[in-house]
Amino acid sequence: MPGHRVNYFSSDPKTAYEALSEAQRIAFAPIVFQACRVLRNSGVLERVRHSGTAGMTLDEAAAAIELPRYGIKVLLESGLGIGLFTLNDGRFALTKLGFYMLRDPMTRINMDVVHEVCYRGMFDLDKAVREGKPAGLKTLGDWKTFYEGLSSLTPQARKSWLAFDHYYSDMAFPAALPLVFADHPKRLLDVGGNTGKWAVQCARFDPDTRITIADLPQQLELARETIHENRLEQRVDFLAIDVLDESQSFPEGYDVIWMSQFLDCLSQSEIVSVLRRVARSLPAGGTLYILELFWDRQPNETAAFCLQQTSLYFACIANGNSQMYHSADMMRCLEESGLELIEERDQVGLYHTLLKCRRA
């Protein structure tokens, strides 16, 4: 059932001074971001952490880190203002913020994808929102959408994006599996199967289910690699499909159609088009499961914030017309498409919502 929803944005809790201070942090935010990334990747944060509560001096840091003393000095002093370090008697010590910047996996994954995929392209965000096109995508390649070029990204950019995509879905999949397989489906269609991780987990969870991954041809190549590595070629089939082509129908005969973090890659009109074709393909008693992240159903304000900012990745980099949706947007799409929502569960794997739908 839906969890308790809190409106984190109903008031303005900051004092005037706090608001002004936050404005300055935002003004310098691109510099702050890169300073944190360099401090992390260069080993400065790790060295200071090793010094414990005693901390270390600039000279000690310079002797231990392969950077010029000047570079370490400006980075350390920047880190003071950011809040990564304290400074007492000339000795820098790591704060709690510095520790999380160094060790928290979610922070690392978010920073890496922003740097490798989003950072340069966000310079054209104004053009993207004005034209409804992914104006920043050109910094990565000459494609119409990001998904067409995912398999052609530089190794580091692809690694960062896949880590970002999998981190959140991996938390939800174990919680979703027993819900999806409660009725023991014999055939499951995984729409937007990405690298095939969900298909692998389905095959392992229920050895009697046959799975088909439906995705763009170039995406299926990544999925084929995953299925081959897991020796599941006899259990998993592949269907090349461009779901944005309204002339392409969804195949029939599947007990379950599954979409995980897929509809947020589409505009609302595209979602309705896709769901209408799904509704026509579902047999009597067939089920559509939608696993999504809705910013209005998050357990805390920080999670909502991350999703709201991720929407700008979609606007400027991915496709220019989709986002991390408010749940009410998805409910309207379902109503327009001829599907009936029969069950919804929030905080599946902490952050996701699982929608169970059937043909109305």
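Trainee: Which residue in S6 is the bridge partner of Asp-190?
Mentor: Trp-258 is the bridge partner of Asp-190 in S6. S3 and S6 run parallel, joined by four bridges. Strands here are DSSP runs (E, at least two residues) and helices are DSSP runs too (H or I, at least four residues), numbered from the N terminus. Two strands pair if DSSP finds at least two bridges between them.
Trainee: Before we go on, what am I looking at, and how is it numbered?
Mentor: It's a predicted model, where local features need pLDDT of at least 70 and side-chain atom pairs count only at pLDDT 80 or more, while totals for chains, interfaces and linings use all residues. Residues are numbered from 1 along each chain as its sequence is written, and side-chain values use heavy atoms, with hydrogens and water left out.
Trainee: OK, back to S3. How many bridges does S3 make with S4?
Mentor: Five, in the parallel sense, between S3 (residues 187-191) and S4 (residues 210-215). Leu-188 sits opposite Ile-211 in S4.
Trainee: What do S3, H11 and S4 make together?
Mentor: A right-handed β-α-β unit, with H11 covering residues 197-205. Right-handed means that, with the strands pointing away from the viewer, the path from the first strand over the helix to the second runs clockwise.
Trainee: And the whole sheet, what's the strand order?
Mentor: S5-S4-S3-S6-S7-S9-S8, an open sheet of seven strands with mixed pairing. S5 (236-240) and S8 (339-348) are the edge strands, each pairing on one side only.
Trainee: Switching topic: how many residues are in the largest nonpolar core?
Mentor: 30, and those with the most contacts inside it include Val-117, Trp-161 and Tyr-313. Such a core is a set of buried Ala, Val, Leu, Ile, Met, Phe, Trp, Tyr and Cys residues joined through side-chain atoms within 4.5 Å; buried means under 20% relative accessible area with a 1.4 Å probe, protein chains only.
Trainee: Which helix supplies the largest share of this core?
Mentor: H14, with seven residues.
Trainee: What does Val-117 touch, leaving aside neighbours within four places in sequence?
Mentor: Leu-140, Phe-146, Ala-157, Trp-161, Tyr-313 and Ile-317, with contact meaning heavy atoms within 4.5 Å.
Trainee: Last one: which residues of H2 are buried?
Mentor: Phe-33, Gln-34, Ala-35, Cys-36, Arg-37, Leu-39 and Arg-40. They pack against H3 (44-50), H5 (69-82), S1 (85-88), H6 (96-103) and H7. H2 is followed by Gly-43, whose phi is positive, near 95°.

Technical notes. Buried means under 20% relative accessible area, exposed over 50%, partly exposed in between (1.4 Å probe, protein chains only).
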